[in-house]
Each structure stands twice: as structure tokens, then as C-alpha cells.
Amino acid sequence: RLREHPRIGPVGAAIFCREAQGVWPGLRPYFDEATLRTARQLGLPATVDGLADRVGRPGDLPRLAAALVRSAHQ
């Protein structure tokens, strides 16, 4: 539904969901295709549930997602 707003495309919506899942339980767990692709390349689980199982606290899901995005840009 975020993409219904002007100037919010798929990338902006993904960024919002990656970050907001830390405080908005209805979004958890959220990992977009970019984060899943990077996880696969790093030998981590390449599914949303597989990555979420690696996180101790739901509030840490955005940190893992952000780390995967940063790793993709290294």
C-alpha cells in the first residue's frame, strides 16, 4: 500500500518495511529480495523465516536487514 503514495516506489517501500519492522510487529519478519540475495551469497539462510530464526530479538531484524544491504554495496 505504500507504493500507492506519490514518489514511493518499490525501493522506498522496501526500505520503509526493513526499518519499520523493528517497531511494527505486523511487518515482521521482512526481508526483501535484495537482502535475501545477499544472504544467499554470504551462505546464510535465503528465506525470510530462515533469516528471522537467526535473530534473537524481533527488534534486531532491521539491524540484520541493514547489514545485508550494506554488505551488498561493499
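Tryptophan 24 sits in the loop between H1 and H2 (helices being DSSP runs of H or I, at least four residues, numbered from the N terminus). At 48% relative accessibility tryptophan 24 is partly exposed; buried would be under 20% relative accessible area and exposed over 50%, with a 1.4 Å probe and protein chains only. Keep in mind that this is a predicted model, where local features need pLDDT of at least 70, side-chain atom pairs need 80 or more, and totals for chains, interfaces and linings use all residues. Residues are numbered from 1 along each chain as its sequence is written, and side-chain values use heavy atoms, leaving out hydrogens and water.

That loop also holds proline 29, which is joined to arginine 28 by a cis peptide bond with omega about -20°. Most peptide bonds are trans.

Now look at aspartate 32, in the loop between helix H1 (10–20) and helix H2 (33–41). Aspartate 32 is buried, at 11% relative accessible area. Neighbours within four places in sequence aside, aspartate 32 is in contact (heavy atoms within 4.5 Å) with Ala14 and Arg18. Both Ala14 and Arg18 are among the buried residues of H1, and the buried residues of H1 pack against H2 and helix H4 (61–72).

Finally, step back to the segment before H1, where arginine 7 lies. Arginine 7 is exposed, with a relative accessible area of 87%, and its phi is near 70°, a positive value in a residue other than glycine.

Conventions: Helix = DSSP H or I, 4+ residues; strand = E, 2+ residues; numbered from the N terminus.
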